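Visitor: Please show me the model, and let us then discuss selected features of it in turn.

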Amino acid sequence: MLSEQVHAHLRNSIMRGEHAPGAALKPQELAKELGVSLAVVREALVRVVGEGLADRLPNRGFAVPEFSDRRWQDIAEARRTIEPVVLRMSVERGDLDWEARVRAAHHRLSRTPPYTPEEGEYYSETWSEAHRVFHRTLLEGCGNPVLLETFDRLWLASELTRRWSTHRNPDRDGAEEHWRLEEAALARDADAAAELLAHHLTQTAAGLTNR
């Protein structure tokens, strides 16, 4: 449907950094640019607000969130509190099939080019999806769908800031961090895996401080 296409376009353009932090998202201009009705654009904007990728400002329309928004640190704190605990459960409960899926997810992530010329300076959509699948697969061994749904919500809410953080920390070796996470999880070292994940998430949050 047209509304789905416009939503996907707007979501991806924000993720790619085509709209700077704090930039206004003007429905009239977007409708003209995309050749669609104002109603379709407004529907898409409401959806990205619900996903945490835009703000609806009283009497000011829509805008990309600011770097300085406190919510990013709140989301990061929630992830650092919840995800290491879920990973510990996953390491303790995961079966052989889970191990195989973790290996496969990390293999795909490590073999996917993080950047493509046509997608600019931020991570590519393909890499970002492989990254999400790896992190989710690590936690799936917990066997608790409610906890996994919580992960899904927090991941989407933090995806924009993760990309900003990566852009601001070009020297960070994320590939090494992911490899160490995989190795600790499959070695069934719950303490090490939880500690590595907490550090991994802390590094991402730190990328948004000390501008």
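Visitor: In which helix do F151 and W155 both lie?

Guide: This is a predicted model, in which local features need pLDDT of at least 70, side-chain atom pairs count only at pLDDT 80 or more, and totals for chains, interfaces and linings use all residues. Residues are numbered from 1 along each chain as its sequence is written, and side-chain values use heavy atoms, with hydrogens and water left out. F151 and W155 are 4 residues apart, about one turn of the helix. Helices are DSSP runs of H or I with at least four residues, strands are runs of E with at least two, and both are numbered from the N terminus; the helix that holds F151 and W155 is α7 (residues 145-168).

Visitor: Is the aromatic pair of F151 and W155 stacked, edge-to-face or tilted?

Guide: Rings of Phe, Tyr and Trp (its six-membered ring) pair if their centres lie within 6.5 Å; planes under 30 degrees apart count as stacked, over 60 as edge-to-face and the rest as tilted. The structure holds 1 aromatic pair. The ring centres of F151 and W155 are 5.6 Å apart and their planes stand at 40°, so the pair is tilted.

Visitor: Are F151 and W155 buried or exposed?

Guide: The relative accessible area decides: under 20% is buried, over 50% exposed, and in between partly exposed (1.4 Å probe, protein chains only). By this criterion, F151 and W155 are both buried.

Visitor: Where does L109 lie, and what is its relative accessible area?

Guide: L109 is found in helix α5. The C-alpha atoms of L109 and G61, 48 residues apart along the chain, are separated by 38 Å. L109 is buried, because its relative accessible area is 5%.

Visitor: In what order do the strands of the open sheet run?

Guide: Two strands pair if DSSP finds at least two bridges between them. The edge strands, each pairing on one side only, are β1 (24-25) and β2 (55-57). β2 and β3 (residues 61-63) pair in the antiparallel sense over 3 bridges. The open sheet has 3 strands with antiparallel pairing, in the order β1-β3-β2.

Visitor: Which residue in β3 is the bridge partner of R56?

Guide: The pairing of β2 with β3 is antiparallel. Within β3, the bridge partner of R56 is F62.

Visitor: How far is R71 from the ring centre of W72?

Guide: A charge sits over a ring if NZ of Lys or CZ of Arg is within 6 Å of the ring centre and within 35 degrees of the ring normal. R71 lies over the face of W72, and its distance from the ring centre is 5.0 Å.
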